[in-house]
Amino acid sequence: MLSAMGFIMIALIIILLLKEKMSPVAVMVLIPTLAAFIVGTGINDLSTYVKDGMDSIKSNAFMFIFSILFFGIMSDVGVFDALVDKLAAWAADNPVKITVSTALIATIAHLDGSAAATLLITVPAMLPIYRKMGMRSQTLLTIIAASVGVMNLLPWGGPTVRAATVIGMDPTDMWRHLIPIQILGVVLSLTVAVILGIRERKYTLANGNVGISTQATKVVQEDTEKKASSDPRFKKLLPVNIILTIGIIGLLMANKVIDLPSYYIFMLGTVFAMVINFPNLKEQNNQIKKHAASALSIVATIMAAGVMVGIMEGTGMLDAMAQTLIGIIPQSMGKYIHIIFGILGGPLGMITGTDAYFYGILPPLAGVGEAFGVKSIYTALAMILGKNCILLLSPMVPATWLGLGLFDEEITLRGHIKASFAWCYGISLIMLIFGIVFGIIAV
């Protein structure tokens with residue numbers, strides 16, 4: 001009974017999320033609640049399960065709120081613009097420099113964990129240069145997709161927070177396991193950028209599109225001057241804001257030594273950012289209001305996931321589902337379940353989308369893995385690596401459509417997937433293999 005209800009519940013959650021008939025918050029609160037009542041859960045027990053679930057995710061929700069506020073403020077005061085402008089100006093006369101700068105800009109811009117913000121920073125900065133140089137716009141989008149997929153492993157990125165929420169772990173602790181793999185991923189995304197840059201250089205030479213670099217440089221210079229003149233106060237504070245950003249990221253990386261909660265580190269960063277850049281109360285309140293909306297939808301989803309996980313664990317549905325799957329999966333394959341789904345993560349993640357993938361598929365698989373001696377963190381890591389790099393190729397991810405829209409219908413979804421899938425999925429598989437070979441993901 002518990003197992004059957006669990007699978008029915010997961011199927012309904014995935015179907016409703018895929019069809020977009022209800023918001024993720026509604027789906028992950030209503031369906032588990034109904035399932036709990038159907039299996040005979042009383043009000044008092046339900047209350048306990050929900051409280052337990054919320055206790056397991058509250059630190060993740062707090063961290064996400066203050067990480068969005070911190071990086072939103074840093075973006076507003078020009079921390080990313082300054083680096084973007086310098087890279088764009090340096091790259092304006094060489095296709096390989098242009099593609100490498102695209103990867104670096106997307107990598108830097110995605111420090112805030114927002115794919116939409118990364119697209120809105122990188123595409124307007126680089127697209128005029130690509131067009132002036134006669135380079136293909138699809139190359140720009142492919143490089144952004146590869147860079148975003150790698151950088152989205154950050155602890156305040158959506159997939160890592162979701163996976164950590166499901167297995168009841170702090171996202172920063174999970175990220176520490178991923179840091180060596182992420183460094184490799186950045187190198188791989190830059191390698192892809194170099195290869196595509198060489199290909200674009202051949203393409204522009206074949207089509208006679210070189211020799212207009214002065215026009216491209218002028219585009220970058222005009223854009224830089226426009227941004228630099230917006231507020232002289234932020235220009236003076238730029239070194240301080242860069243040091244603050246590096247300091248906060250450094251504290252997160254060293255958090256195992258200093259043992260401060262991740263959300264508290266971001267709280268401190270947000271407070272310092274507001275006090276330094278916005279010295280009066282009205283401006284500080286405006287900053288909170290400006291960026292609160294960005295955090296609200298994800299935080300609400302994380303809290304709803306806490307309800308779902310709490311009910312699944314408390315009622316025993318998760319254990320019952322795991323036992324059913326254990327009876328089906330051959331013993332010889334059981335200990336590799338996380339690797340199998342890590343490999344399948346790319347195509348599976350494209351079809352299901354982020355919420356359905358982590359909240360629908362990961363919970364029962366983590367339980368199955370535990371039964372075969374695979375710690376839930378290894379299942380979570382493998383599934384993150386499998387899915388993450390194809391983030392901006394999935395039609396289930398709103399940022400994918402935003403990216404396509406920024407190119408004025410010049411690029412179709414089909415064309416984007418055809419051009420980018422092999423590069424992004426290849427990076428994903430290499431990162432997964434690296435994690436296995438070096439024991440970050442145990443086999």
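How many helices and how many strands does the protein chain have? In this predicted model, the protein chain has 21 helices and zero strands.

**Figure 1. Overall dimensions of the protein chain.** The radius of gyration of the protein chain is 23 Å, close to the 22 Å that the globule rule gives for 443 residues, so the chain is as compact as a globular protein of that length. Taken along its principal axes, the C-alpha trace spans about 70 × 55 × 40 Å. Of the contacts that link residues at least 6 apart in sequence, 79% join residues at least 24 apart.

**Figure 2. Surface and charged side chains.** The accessible surface of the protein chain comes to about 18300 Å², and 66% of this area belongs to carbon and sulfur atoms. The chain carries 29 positive and 25 negative side chains, with the centres of these two sets lying 7 Å apart.

**Figure 3. The largest nonpolar core, with a close-up of Met126.** Buried residues account for 53% of the 443 residues in the protein chain. The largest nonpolar core holds 135 residues, among which Met126, Met174 and Met431 touch the most other members. When residues up to four places away in sequence are not counted, Met126 touches Ala88, Ile98, Ser101, Thr102, Ile105 and Leu140.

Figure 4. Leu402 lies in helix H20, which covers residues 398-405. Once its neighbours within four places in sequence are left aside, Leu402 is in contact with Ala116, Leu119 and Leu120. Leu402 and Ala300, which are 102 residues apart in sequence, are 22 Å apart in space, C-alpha to C-alpha.

Figure 5. Gly415 is found in helix H21, which is made up of residues 413-437. With a relative accessible area of 28%, Gly415 is partly exposed. Although Gly415 and Gln138 are 277 residues apart in sequence, their C-alpha atoms are 8.3 Å apart in space.

How values were computed: Residues numbered from 1 in each chain as written. Predicted model: local features only at pLDDT ≥ 70, side-chain atom pairs only at ≥ 80, totals over all residues. Heavy atoms only, no water. Helix = DSSP H or I, 4+ residues; strand = E, 2+ residues; numbered from the N terminus. Rg over C-alpha atoms; globule rule 2.2 N^0.38 Å. Buried < 20%, exposed > 50% of the residue type's maximum accessible area, 1.4 Å probe, protein only. Contact = heavy atoms within 4.5 Å. Areas by Shrake-Rupley, 256 points an atom, 1.4 Å probe, with all protein chains shown as cover. Lys, Arg positive; Asp, Glu negative; His and termini not counted. Charge placed at Lys NZ, Arg CZ, Asp CG, Glu CD. Core = buried A, V, L, I, M, F, W, Y, C linked by side-chain atoms within 4.5 Å.
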